[in-house]
Amino acid sequence: MIACPERLLNQAIAYARHGWPVFRCQPGSKEPATRHGFRDATTCEPQIVRWWQRQPHANLAIATGAPGPDVLDVDQHGRAGNGFGACHQLEAAGLLDAASAVVLTPNGGLHFYFAGSRLACGRLPRHHLDFRSAGGYVLAPPSQIDGKPYQLVQHSPAASGLNWSLVTSLLEPDATARPSPSASAECGLTWDARDGSVFRGGCLRSGRPMSSRTISKWRASLQERAGACGQEQCAS
C-alpha cells in the first residue's frame, strides 16, 4: 500500500504554506527523487505541484533545521537494540518536555519534534538516537515505507528547542556530540508548532508529553492500527 496522491500533494502544499521547505522522495522510500536532495527543498507551490504531477506517489520530505523543525529520532533496531532506555532518561531529566509532537515510525521507533535551529545534525549510536537539524531531512505524513505510514500520535500547542549538548552530556558525559556522517540521513515527520491543523487527517491525538509507559502502549496499539489508519486516510 502506498499513500494517496491527492493527500501527498495537499500535505506538501500545506507544509510549504507554513514555511517548511519540502521536496520529494522515491515512492515508498527514503531516497530523494530530486537531483540535489534536501538542497532542492522549496516552499514554491508551482514547483511542488509540478513535482507531484510528475510523480504522484512520491514520498514527502521536509528539510530539518530552521525554518523546519529539529527532530530527535528514537530508533528501534529490533534485536540490535533501541533508544527507549535513553528516551526514558531524557524524559526523567525534563529534556523532552519542550517537544511539540511525537510520531510513530514505520519500524516502531519514535520521533520528537522541537523548534528548529541551525545546529549540525548529531548522533549517539550506542544509545540509538539521532538528532536531525541543519543539513538533514525527515519524511512527513502521509509518507509510507513498505506500506506502513508515519503517524502523528501526540502534540502540544507550544514548543521550544532541544538542547542537544545537554542530551549528549547526560547520556555520554565523557564524549561530545558527533556530527552526522551523512546529510542524507532522515527520519519521520515535520510539525508546525503554530498550527496543528497542518496535520489534517493525520490520526491525531493531543495531550501532554508522553511518559515511557504511554510510549510503549501507544507503540504497540498504533502498530496494529497502522494499516487501518492508512486506509482511512485514502478514503478521506
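Predicted model: local features only at pLDDT ≥ 70, side-chain atom pairs only at ≥ 80, totals over all residues.
I then turned to Pro142, whose place is in the loop between strand 8 (137-139) and strand 9 (144-145). Here a cis peptide bond joins Pro141 and Pro142, and omega is again given as about 10°. I noted both bonds because most peptide bonds are trans.

**Strand 3.** I asked myself how many residues of strand 3 (residues 70-74) are buried. Five of its five residues are, and I therefore recorded the strand as mostly covered, buried being under 20% relative accessible area. In a regular strand the side chains alternate between the two faces of the sheet, so I went through the two sides separately. Asp70, Leu72 and Val74 are buried on one side, while Val71 and Asp73 are buried on the other, and both faces of strand 3 are covered.

**Partners of strand 3.** I next looked up which strands pair with strand 3 and in what sense. With strand 5 (residues 110-114) the pairing is antiparallel and runs over five bridges, and in strand 5 I found Phe114 opposite Asp70. With strand 7 (residues 129-132) the pairing is also antiparallel, here over four bridges, and Val71 stands opposite Arg132 of that strand.

Most residues other than glycine have a negative phi, so I wrote down the exceptions I came across. His128, in the loop between strand 6 (122-124) and strand 7, has a positive phi near 60°. Is His128 buried or exposed? Its relative accessible area is 14%, and His128 is therefore counted as buried. Asp146 sits in the loop between strand 9 and strand 10 (148-149) and has a positive phi of about 55°, although it is not a glycine. With a relative accessibility of 70%, Asp146 counts as exposed.

**Helix 3.** Last, I looked at helix 3 (residues 84-92), where Phe84, Ala86, Cys87 and Leu90 are buried. These residues cover an arc of only 150° around the axis, which is why I place them on the same side of helix 3. Just after helix 3 I found Gly94, which takes a positive phi of about 80°.

Methods:
Residues numbered from 1 in each chain as written. Heavy atoms only, no water. Buried < 20%, exposed > 50% of the residue type's maximum accessible area, 1.4 Å probe, protein only. Helix = DSSP H or I, 4+ residues; strand = E, 2+ residues; numbered from the N terminus. Arc of directions from axis to C-beta. Pairing = 2+ DSSP bridges.
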